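Biologist: I am new to this one and would like to go through some of its charged side chains with you. Could you put it up for us?

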Amino acid sequence: MNLPRPLRTAAAPALLTATALLALTACGSSEADSGSGAGGTVEIRIPDPGNSGVLALGKKDGSLDKALAKAGAKVRWTGSAGPFAPAAQAMNADQLDIATGSITSGITSLAQRPGFKFFTAVDPDAAGEGILVKNGSGIGSVADLVGKKVAVNQGGTGEYLLLKALAKAGIPAEKVERVYLRPDQTAAVFNAGKVDAWAVWATYAVAEIGSGKAHFVADGAAIGSDNYSLNAVRTGFAEQHPGVVKALYRYLHDASAKEKQDPAAYLNVFTDAGPTAVTGKAKEVQTAFTREGGTVDAIGPQDIERFEDVAGFYAEQKVTPDKVDVATHLLDIEKLK
């Protein structure tokens, strides 16, 4: 059995809602609009990255457009980054070209006539994802979740982490009540005590751990998570502009290595105040998670084997009706020209 390796952060899906889809596609456009801009420059539509991360810094300092210009392309920032499920729908509808998600959210989206392929992988997050509980909750192990309510995002990282933790502990899934919630709505429910635990990843865990009021009862390493973070590209875009996809990969790979070495430089890129800023203890937590994490890499044979393991696990747990064939929806970035 392959041992889990660390990751930076993994974005995963909530249930698709019209609101979420509109948020991603409000600034969307048709294939004709996204194909070429002035002077024949190819425009690649990517969700706005917000205030932190590789893409945020690349947007601010212009380094991403500079790298893509060598392949005759530039970014059109559209909508905002969020759950993968609506992003997948946006790619399927030709309103988005690039999106980030987890292998778990990817599998559930692949089960529905996908119009996209995955072209990069970041190793599973050993430190930044897991089962979150409040300090003093009396929950000291996964076994203590029996009879409890755990918030998860259906079909994504949260549900995977909980089911994986229970399976490893030999606990039947039906012994724990899954409460399906969108991740952006769960913090209030968790802090109000309406659920006993939250299966979650770094995007949302950092603030809770940084508050000093919560901790992981089991993190990704303890769970044995195979929850990779992936980048997806709209199939039609990859077919028409393979060189642009390869240039984007090279940028993400190199920039993620720099982020790992100097995480603080990639936080609070546009503002260090307000709701999008990471401050205080939360900043220390995020910096530690990033430093322990992986980089954006090409998808290799060992990665594919682990993707297939997740697909098999999802089928066994009835999250998907059948095992999804992940391998047919992957790009070998090294073979793109």
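Biologist: Why is Arg45 called buried?

Modeller: Buried means under 20% relative accessible area, exposed over 50%, and partly exposed in between (1.4 Å probe, protein chains only). Arg45 has a relative accessible area of 0%, so Arg45 is buried. A word on the source: this is a predicted model, where local features need pLDDT of at least 70, side-chain atom pairs count only at pLDDT 80 or more, and totals for chains, interfaces and linings use all residues. Residues are numbered from 1 along each chain as its sequence is written, and side-chain values use heavy atoms, with hydrogens and water left out.

Biologist: And why does Asp94 count as buried?

Modeller: Asp94 comes out at 19% relative accessibility, and the cut-off is under 20%, so Asp94 is buried.

Biologist: What makes Asp94 and Arg45 a salt bridge?

Modeller: The term asks for a side-chain nitrogen of Lys or Arg within 4 Å of a carboxyl oxygen of Asp or Glu. Here the closest N and O atoms are 2.9 Å apart, so the pair qualifies. Asp94 lies in the loop between α5 (84-92) and β3 (98-102) and Arg45 in strand β1 (residues 42-48), so the bridge ties together parts 49 residues apart in sequence. Helices (H or I, at least four residues) and strands (E, at least two) are DSSP runs, numbered from the N terminus.
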